[in-house]
Amino acid sequence: MSAAATPLRRLPPVRPEYEHQVVRVQASLPVAPQARHRQLPAGVRRALVLLVLAIAWEIAARLVNDDLLLPSVMQTARAFYDGVVSGELPRRVATSLWVLAQGYALGVAGAFALTALAASTRIGRDVLGTLVAMFNPLPAIALLPLALLWFGLGNGSLVFVLVHSVLWPLALNIFAGFQSVPETLRMSGRNLGLRGPRYVFQLLVPAALPAILSGLKISWAFAWRTLIAAELVFGATSRQGGLGWYIFQNRNELYTDKVFAGLAMVIVLGLLVEVVVFAGLERITVRRWGMQR
C-alpha cells in the first residue's frame, strides 16, 4: 500500500479542554476609606473641614481663656449675628463689593485688551511681557500712597489699586492660555478667515478658557485681599467705610469678637464666590465641554 493511501490517524489533543461554570459572587467588596470620602458631596466635605477648624478654634480659645485676645466660636457667632441683624455688616459688605466690582471690571477689561493686542501683533507681545515683568511683582498696596496723592481720599484710590492687583496676574494667565492653543487649531481658524478681534474672541478665548477661568479666580482673590488691606489703611469715604474699615474700627475699640466677625464675613464671601460663581462657571463651560476634570 502506498503512503498516500495510508489513513491519517487522529492525534489526541495536546491539552485537554474543560468548561467551567462561572459562579456569580454576591458579596460586595469593601470600600476603601478614600473612596468613601469621595462618595460624599462636595458641600458635606467642606462642612466637615469647617467643623474641624471650629473645634480647633474653640479648644484654643478655652486654653487662652482671654476674650480680648481670642474670643470663642459662640462669641464670634453672636457678634456676627448681631452685625447682620442690625444691618451694619450688610452695609459694609455692600460698600466693599461695589468698589470691588468697579476695580475688578476695569482690570478684566484691561487684561483682555492687552492680551488681545499681544496675541495679534509682535509689538503687543513685547509690550505685555515688559509690563508684566515690571508691575506684576509690585504689591498693589504699595501704590496706595501714590493713589491717595493722585485721586484723593475716596473710592478712586481704591479702584486704582484694585485694577493693578487684577490686571497683571489675569493678563499673564490669559496669555499663557493663548500660547497653549495648538497650532493646528490656529491654522484652522486662519483658513476660515478669522483675523484680528474675531480670531481672538472666537478661537483663542474658547480654546484657552480653562486658563482664563483660573486667572479670573486668582485675580479675584488678589483683588479681595487688596481691598480689605487698603480699607484697613484708610478706607473711610464720607464716614461710610467698607468691611476692612469695620475691622479696623472695632480693633481700635477693642471689640475683638466683632473683629473676628468681620474676618468671618471676609471668609464667607470668599467661599461663596468660589463655590457659587466660579464653580458654576466651570460646571457649565469647561467641565461640560470635557476641557477639565
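In this predicted model, helix H4 meets helix H10 through Ser 96, Leu 97, Val 99, Leu 100, Tyr 104, Val 108 and Phe 112 on the H4 side. The H10 side of this contact consists of Ile 212, Leu 216, Ser 219, Trp 220, Ala 223, Trp 224, Leu 227 and Glu 231. By class, the residues of the H4 contact with H10 are 12 nonpolar, 2 polar and 1 charged. H4 also packs against helix H7 and crosses helix H9, and the largest pocket is lined by 14 residues.

**H4 and H10**
- H4 covers residues 88–120 and H10 covers residues 209–233; their axes come within 10 Å and cross at roughly 140°.
- That angle makes H4 oblique to H10, because angles count as roughly antiparallel over 145 degrees.
- The crossing in which H4 passes H10 is right-handed.

**H4 and H9**
- H9 spans residues 196–207, and its axis and that of H4 come within 11 Å, crossing at roughly 95°.
- The two helices, H4 and H9, are therefore roughly perpendicular to each other.
- From H4, the contact uses Phe 112, Ala 116, Ala 119 and Ser 120.
- From H9, Val 200, Phe 201, Leu 204 and Val 205 take part in the contact.
- The contact of H4 with H9 has 7 nonpolar residues, 1 polar residue and no charged residues.
- Phe 112 of H4 is listed in the contact with H10 and also in the contact with H9.

**H4 and H7**
- H7 runs over residues 155–179 and packs with H4 at an angle of about 35°, the axes being 7 Å apart.
- H4 and H7 cross in a right-handed sense.
- Their contact comprises 22 nonpolar and 6 polar residues, with no charged residues.

**Largest pocket**
- The largest pocket holds about 470 Å³ of space.
- Of the 14 residues that line the largest pocket, Leu 50, Ala 54, Trp 57, Ala 264 and Ile 267 lie nearest its centre.
- Helix H2 (42–64), helix H3 (73–86) and helix H12 (256–284) each contribute at least two residues to the lining of the largest pocket.
- H12 gives the most to this lining, with 6 residues.
- The lining of the largest pocket divides into 13 nonpolar residues, 1 polar residue and no charged residues.

Methods: Residues are numbered from 1 along each chain as its sequence is written. This is a predicted model: local features need pLDDT of at least 70, side-chain atom pairs count only at pLDDT 80 or more; totals for chains, interfaces and linings use all residues. Side-chain values use heavy atoms; hydrogens and water are left out. Axes are lines fitted to C-alpha atoms, for helices over the stretch in contact, and angles run from 0 to 180 degrees between N-to-C directions. Helices (H or I, at least four residues) and strands (E, at least two) are DSSP runs, numbered from the N terminus. Angles under 35 degrees count as roughly parallel, over 145 as roughly antiparallel, 65 to 115 as roughly perpendicular and the rest as oblique. A crossing is left-handed if the near helix is turned anticlockwise from the far one by less than a right angle, and right-handed if clockwise. Contact means heavy atoms within 4.5 Å. Ala, Val, Leu, Ile, Met, Phe, Trp, Tyr, Cys and Pro count as nonpolar, Asp, Glu, Lys and Arg as charged, and the others, Gly among them, as polar. On a 1 Å grid over the protein atoms alone, a cavity is a set of points where a 1.4 Å probe fits but cannot get out, and a pocket is an open set with protein on both sides within 12 Å along at least five of seven lines; lining residues have an atom within 4 Å of a point. Grid points are joined across faces, edges and corners, and a volume is the space filled by probe spheres set on the points.
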